Every structure is written in C-alpha cells, then in structure tokens.
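Take the points one at a time and find each residue as you go.

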Amino acid sequence: MSLIRVKEHLQKYGLDNKIMEFEKSSATVSEAAIAVGCQEQEIAKTLSFLIGESPILIVVAGDCKIDNGKYKAEFSTKAKMIPFEEVENLIGHAVGGVCPFGIKDGVTVYLDCSLKRFDFVYPACGSSNSAIKLSIAELEETSGYEKWIDVCKYIELN
C-alpha cells in the first residue's frame, strides 16, 4: 500500500517509472547500497522524530547519524525518535521503507545538508525492497521539504 502511495505521489513529477523494486531487502543502508549498486553514503535514509506531538522526517546521507547537540540547537528540544511500532501510523510508511513521498498530512520534512555533496541519492519508496535514484533538485521538488538543516555527524562505515 505504501509503495502505491509513493508511486502516485511521484507520478505527479513524472518520476514513478524510475522506482526500482528488488527481490531482496533494501531496508537497511547496507542492504540498499547492495541492491542499488552504490556506496552506502549515497543512500538517503529517512529518520522519523517527534517534536512534541508533531511527527517530522529528516532525510540524511547513509554515512550519518543525528548529532544530538546540533538537533537540539535546530529544534530547541532533545531528539526523540518515533517508536518503531508507531512509525507507520504516524508517517504512513513502515520502518525499512520510510521516505518523504506519499506521507501523511501534517508530517514536516527536512533535508540534511549531508546530502548536498552528492549529485544523486537513493531514498526508499515506501517498502523494504524499493528505492529511486534522484538528483538533489528532484529530491527537493518531490519531498515537499521545509528547509535544509545541519543536524548530523558522519560515522565510520564498515
């Protein structure tokens, strides 16, 4: 169902035909990189948080994690991830397929500047076995993002 909503959303931009579906899982950064055939840092992972009662999404590069100090400086609160079992209800996609496309009304999307170093990134498309190759301009256009933010730190990839 989530994949269908994403296809409908991306169809408005003429990009639904670019969605890749895999026979194997792409739910984690490493699985997605293998499925897509790219480097892990090029995977655009979408993290879900609550600010008060309001859900937000932050799309970050695959080699990043939230820096709590930067997050607090940006949002004036501690980072509180949405509990696993509540993500699908609040966002519209289950963990492993969370993306900024075809989400529920009222979810604010932010893009982390860690993505800006790439020409193309690969976000999920609503399921744990899908992705799409998008330019940064296409990600901006299709995500309905609020603004670019800087809330991450880089991590060592295996």
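1. Let's start with a term. A salt bridge here is a side-chain nitrogen of Lys or Arg within 4 Å of a carboxyl oxygen of Asp or Glu. E74 and K147 form one, with their closest N and O atoms 2.7 Å apart. This pair links distant parts of the chain, as E74 is in helix 3 and K147 in strand 9, 73 residues apart. (Helices, H or I with at least four residues, and strands, E with at least two, are DSSP runs numbered from the N terminus.)

2. Before going further, some ground rules. This is a predicted model, in which local features need pLDDT of at least 70 and side-chain atom pairs count only at pLDDT 80 or more, while totals for chains, interfaces and linings use all residues. Residues are numbered from 1 along each chain as its sequence is written, and side-chain values use heavy atoms, leaving out hydrogens and water.

3. Back to the charges: the structure holds five salt bridges. One of them joins E138 to K18, with the closest N and O atoms 3.5 Å apart. E138 lies in helix 5 (residues 136-143) and K18 in the loop between helix 1 (2-11) and strand 1 (19-21), so this pair ties together parts that are 120 residues apart in sequence.

4. Another salt bridge runs between R117 and D63, where the closest N and O atoms are 2.4 Å apart. R117 sits in the loop between strand 5 (108-112) and strand 6, and D63 in the loop between strand 3 (54-61) and strand 4 (64-66), so parts that are 54 residues apart in sequence are tied together. Are the two partners buried or exposed, or something in between? For this, buried means under 20% relative accessible area, exposed over 50%, and partly exposed in between, using a 1.4 Å probe and protein chains only. R117 is partly exposed at 41%, whereas D63 is buried at 9%.

5. Six strands form an open sheet in the order 8-6-2-3-5-9, and the pairing is mixed. Strand 8 (134-135) and strand 9 (147-149) are the edge strands, each pairing on one side only. Strands count as paired if DSSP finds at least two bridges between them. Strand 2 (residues 43-51) and strand 6 run parallel and are joined by two bridges; across this pairing, A44 stands opposite P123.

6. Have a look at V121, in strand 6 (residues 120-123). V121 has a relative accessible area of 0%, so it counts as buried. Which residues does V121 touch, leaving aside neighbours within four places in sequence? Its contacts (heavy atoms within 4.5 Å) are E42, A44, L115, I132, K133, L134, I136 and L139. E42 is 79 residues away from V121 in sequence, but their C-alpha atoms are 5.0 Å apart in space.

7. On to the rings. Phe, Tyr and Trp rings (for Trp, the six-membered ring) pair if their centres lie within 6.5 Å; planes under 30 degrees apart count as stacked, over 60 as edge-to-face, and the rest as tilted. The structure holds four aromatic pairs. In one of them, the rings of Y71 and F75 have centres 4.8 Å apart and planes at 50°, so the pair is tilted. Both residues lie in helix 3 (residues 68-75), four residues apart, which is about one turn of the helix. Ring pairs also link F49, Y71, F75 and Y110 into a cluster.

8. Y145 and W148 make an edge-to-face pair, 6.1 Å centre to centre with 65° between the planes. Y145 is partly exposed at 27%, while W148 is buried at 18%. The charged end of K116 sits over the ring of W148, 4.6 Å from its centre. (That means NZ of Lys or CZ of Arg within 6 Å of the ring centre and within 35 degrees of the ring normal.) K133 lies over the face of F120, also 4.6 Å from the ring centre.

9. For C64, the nearest is that of C152, 4.9 Å away. C64 is buried, at 0% relative accessibility.

How values were computed: A disulfide is a pair of cysteine sulfur atoms within 2.5 Å.
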